[in-house]
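Me: I am new to this structure and would like to go through it with you. Could you take my questions one at a time?
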Amino acid sequence: MTAQETAAETAMAEGSDSAEAEKMVIIAASGDLDKAWPVMILATTGAAYGMDVTVFFTFWGLEVLKRPDSGITGDDWRQKMLGVFRKGSPDKLGLSTMNFAGMGPWMMKGLATDKNVASVGELLELAQDMGVKLWPCQMTMDLMGLSNDDLIEGLDKPAGAGSAISLMKDASISLFI
Amino acid sequence: MADVTVDARGLQCPMPVIKTSQAIKTLAAGQTVEVIASDRGALSDIPAWAGDMGHTLKEQFEENDEFHFVVEKG
């Protein structure tokens, strides 16, 4: 069964309006707060448009899907180093610029709370409620020493570039963020 | 009077559109939802979303810095 057929079956199982729903694919390759935010905003809005939305998390993008308590992961000392410096989970993402050792994200999140902007974590939960499919990249998981237990629940099966291309071939919207 | 009201006041992008989409799912074609938003982005987002989804924007007005949209499900 191809990834598309799997996606179509999932869409039907979840009671989407139609198995023919337009597809939207986002490749989320960044663990920066200022990238993860638009990823989740566009994913939820795509779902509000009745689209069949899949977000494929690869490389640092996987940080978004890491459990807050995942801690140091992997067996190799280099993988463990990654776990020391990249904590993962939506609450711990940094900014691509003006990070200032966490001061930037702290200010940004404070502003977002004051202005009532939904957080990345809230949008992630909302996306799951709205039937957005979240795919972790298998290769990145292997590279970084992450297991399914290190990631949040409710994700789709880890997949690779072939599945992503297969989906994007027929998607109306494909984004790399 | 609309069949359902969505109070999206104080919420920012993308929440007014998301809340409206969730509310309209509960309606039958021909029924209406009234959205009240304070996010200026909703001024373009709600009409764009409604049009693309095949719904009809029946009414739109501004009152006390709040934006009202009445959308009929298509």
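Me: How many residue pairs are in polar contact between chain B and chain A?
Reply: The count is 5 residue pairs, both residues at pLDDT 80 or more; a polar contact is a pair of N or O atoms within 3.5 Å, where within protein one must be able to donate a hydrogen and the other to accept it, and residues adjacent in sequence count only if both atoms are side-chain atoms. The model is predicted, and local features need pLDDT of at least 70, while side-chain atom pairs count only at pLDDT 80 or more and totals for chains, interfaces and linings use all residues. Residues are numbered from 1 along each chain, chains are lettered from A in the order in which they are written, and side-chain values use heavy atoms, without hydrogens and water.

Me: And how many salt bridges across that interface?
Reply: The rule finds 0 between chain B and chain A, taking a side-chain nitrogen of Lys or Arg within 4 Å of a carboxyl oxygen of Asp or Glu.

Me: Which element gives the largest share of chain B's side?
Reply: That is α1(B), with 5 residues; helices are DSSP runs (H or I, at least four residues), numbered from the N terminus.

Me: What area is buried between the two chains?
Reply: About 1,100 Å² is buried between chain B and chain A, with carbon and sulfur atoms giving 66%; this is the accessible area (1.4 Å probe) lost on putting the two parts together, summed over both. B:Gln12, B:Pro14 and B:Ile18 supply 36% of what chain B buries against chain A, more than any other three residues.

Me: New topic: how many disulfides are there over all chains?
Reply: The search finds 0 in the whole structure, a disulfide being a pair of cysteine sulfur atoms within 2.5 Å.

Key:
Helix = DSSP H or I, 4+ residues; strand = E, 2+ residues; numbered from the N terminus.
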